[in-house]
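Please read the numbered points below alongside the sequence and the model.

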Amino acid sequence: MPSRAEPFRPPARLLLGPGPSGVDPRVLAAMAHPPLGHLDPDFLSLMDDVRQMLREVFVTANEVTLAVPGTGTAGMEAAVANLVEPGDRVVVCVAGYFGARMAEMARRLGARVTAVEAPWGASVPPGPVEDALRRADGPVKVVSLVHAETSTGVLQPLDDIVRLARRAGALVLVDAVTSLGGMPLAVDAVGGSGIDVCYSGTQKCLGSPPGLAPITVSPRAWEAIRSRRAACASFYLDLVLLNAYWGGDRAYHHTAPINALYGLRESLRLLLDEGLTARFDRHRRAHEQLRRGVEGLGLSFLVEEDSRLPMLNALRVPEGADDREVRRRLLAEHHIEIGGGLGPLAGAVWRVGLMGSSAREENVARFLTAMRIILGAPRMSKAPRRS
């Protein structure tokens, strides 16, 4: 362990877990620039660049598009806290850890929450959502769902549920923390009428370090936020106040994470220079290479092929394998990080992330080689129980 007197030098790791993902050297170099004041005209110009590039990545014309300070969970809390007031009826699609977290946030805000649940490893079908909307004892204000469930590797279809919500007069809230920048998501076009609030995180397919949560708000949702009965319960995540800083009169709200925004701007430049379609194709190619390789190792996916995410792959831990020991050896011997399972999937799956700069075929090849070595060695098995 280094002494306090020595500078910290992080070890070289290949980040193939559920996040954070690898960061391009250009992004790291951008973050090393000297900070400016958070109201410096040149920094405000950078914020304008970030807003516009985020609109291009979200594929939206929403005026209210910005980056909330904090990780993806801050984006989730900002979205829920600004839309939901005590007594509001909210339908939440829950098919994993992060859908359950959205439901819990809404409950803590005093909402009347109906959770429409699916087994971990599956998506929520539209039928039960339609039933929940029809059986509600009053108008439902918000329908929320997770586009890419990071805990399971499941892709949640959006179009039918968005149409059902719109028909019921509800606003649609979508978690795109893992999907944005890694697979198609056109916010204004989903379901024919668009998503109302969509948030993400910088540390996944956008390829920047953790610390910011991009969010975009439709005019419908903005009107609902502006006409709340009471101010947002969170001052720090109040989108009315945040938007006044990002646009409008540039009213002071908080000291922005200056260097994190330098990094986000550069990561968005990289993404848009590569092109959305090319970026999506790169994630898909990496996933297909992984699929072929793990099948050769005798491993299987948790999720059926037509519901799998390309950027977050849940692999079943094979019989006799020690989940933690395999992950420990990957890190200690091969300098590769992957994730374990959450909740009911703890010890049952490995979560392999192929996101942003990490979604490259050479990284997949390195991971497969390491797994072939470890799975072929006796140390990967659990010690037999004593009788």
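1. For residue classes, Ala, Val, Leu, Ile, Met, Phe, Trp, Tyr, Cys and Pro count as nonpolar, Asp, Glu, Lys and Arg as charged, and the others, Gly among them, as polar. On that basis, the lining of the largest cavity has eight nonpolar, three polar and one charged residues. A cavity is a set of points on a 1 Å grid over the protein atoms alone where a 1.4 Å probe fits but cannot get out, and lining residues have an atom within 4 Å of a point.

2. The model is predicted: local features need pLDDT of at least 70 and side-chain atom pairs pLDDT 80 or more, whereas totals for chains, interfaces and linings use all residues. Residues are numbered from 1 along each chain as its sequence is written, and side-chain values use heavy atoms, without hydrogens and water.

3. The lining of the largest cavity includes Cys93, Val94, Leu145, Val146 and Glu149. Two or more lining residues come from each of β3 (89-94) and β5 (140-146); strands are DSSP runs of E, at least two residues long, and helices runs of H or I, at least four, numbered from the N terminus.

4. Which residues of helix α7 (residues 219-226) are buried? They are Ala221, Trp222, Ala224 and Ile225, where buried means under 20% relative accessible area and exposed over 50% (1.4 Å probe, protein chains only). Because these residues cover an arc of only 160 degrees around the axis, they lie on the same side of α7; the arc is that of the directions from the helix axis to the C-beta atoms. On the other side, Pro219, Glu223 and Arg226 are exposed.

Methods: 1 Å grid on protein atoms, 1.4 Å probe; cavity = no way out; pocket = protein on both sides within 12 Å on 5 of 7 lines; lining within 4 Å.
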